[in-house]
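Have the structure open while you read, as I go through the pairings one by one.

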Amino acid sequence: MTSSTLNVARPRITLEAPAAPLPSPVDPGPADAAPETPHVQAEQFSILYGEAMAVREISMVIPDRQVTAIIGPSGCGKSTFLRAINRMNDLIPCCHTTGRLLFDGQDIHSPQIDVISLRKRVGMVFQKPNPFPKSVFDNVAYGPRLFGIRNIRTLTEIVERSLSRAALWDEVKDRLAQNALGLSGGQQQRLCIARALAVEPDVLLMDEPTSALDPKSTARIEDLIAELRGDYTIVIVTHNMQQAARVSDFTAFLYEGVLIEFGQTRKLFTNPHNKQTEDYITGRFG
């Protein structure tokens with residue numbers, strides 16, 4: 001079957017002139033310089049649950065088309081920050097923000113933002129695989145259908161392409177009509193990745209995508225992340241520092257809601273600038 005390009009109009013989020021890219025809190029030097037027009041950047045960005053501050057005044061540029069890992073002990077604000085990038089925290093009534101979190105230079109928490117359009121461009125994969133109780137085909141076709149694609153040939157091409165990109169096509173090509181809940185845990189997680197890729201996002205968020213999987217399935221997801229690098233901006237939250245070292249180009253270390261250090265993964269793990277970072281990655285706490 002031949003592939004075709006997904007022809008879905010990608011709404012432009014337009015409010016004001018794009019802000020200038022922000023430097024990383026720790027200047028990593030010319031070799032680590034972020035792209036000039038990043039999709040995602042935070043400017044003194046804080047997240048509060050009522051009066052409790054979960055993320056405190058983060059300023060960070062997330063490099064495009066590379067993998068950024070967010071590490072830190074439990075409760076440090078990693079997942080809270082990740083969910084803010086596609087406004088999943090909107091579902092929590094007491095959650096509010098200060099500062100700015102920018103997507104293509106526009107404040108995504110502005111009331112003028114179309115959240116549906118934002119979430120089309122910023123896909124998310126959760127810690128626990130969450131396929132819909134539908135067929136494998138319908139899971140992947142769900143997003144394109146939501147955005148108006150009805151032609152069965154086009155949908156079939158999108159499903160095959162997305163499952164292939166998620167390294168799942170060969171395993172399920174004869175099971176497309178079967179319920180996705182019958183897949184193994186690792187297959188379900190790759191199906192969720194295929195579902196996110198089907199609407200051609202710019203950014204893919206992964207919240208501990210392998211924590212519920214066995215080592216073999218974990219390795220396949222990590223291999224998949226490596227294959228997707230260069231085509232998508234990927235942000236992954238992980239408790240596993242070895243995983244962060246294996247899969248990411250850049251790493252951000254959060255502690256008690258504060259961004260302690262951010263830079264190229266190789267340098268951060270071998271020569272951290274901050275003593276707290278060194279203590280965490282060497283296992284002295286956390």
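1. Start at Ile47, which sits opposite Val55 in β2. One more pair to look at is Leu48, whose bridge partner in β2 is Met53. Strands β1 (residues 40–49) and β2 (residues 52–62) run antiparallel and are joined by 7 bridges. Strands here are DSSP E runs of at least two residues, helices are H or I runs of at least four, and both are numbered from the N terminus. The hairpin has 2 residues between its strands, and Gly50 takes a positive phi near 65 degrees.

2. A word on what you are looking at. This is a predicted model, in which local features need pLDDT of at least 70 and side-chain atom pairs count only at pLDDT 80 or more, while totals for chains, interfaces and linings use all residues. Residues are numbered from 1 along each chain as its sequence is written, and side-chain values use heavy atoms, with hydrogens and water left out.

3. On confidence: mean pLDDT (the predictor's confidence in each residue, from 0 to 100) is 88 for the protein, and 87% of its residues reach 70 or more. Be careful with residues 1–35, where pLDDT stays under 50.

4. Now the helix pair. The axes of α3 (residues 136–146) and α4 (residues 152–165) come within 9 Å and cross at roughly 110 degrees; axes are lines fitted to C-alpha atoms, for helices over the stretch in contact, with angles from 0 to 180 degrees between N-to-C directions. The two are therefore roughly perpendicular (65 to 115 degrees). Contact means heavy atoms within 4.5 Å, and the residues making it include Phe137 and Val140 of α3 and Leu155 and Val159 of α4.

Terms used. Parallel < 35°, antiparallel > 145°, perpendicular 65-115°, else oblique. Pairing = 2+ DSSP bridges.
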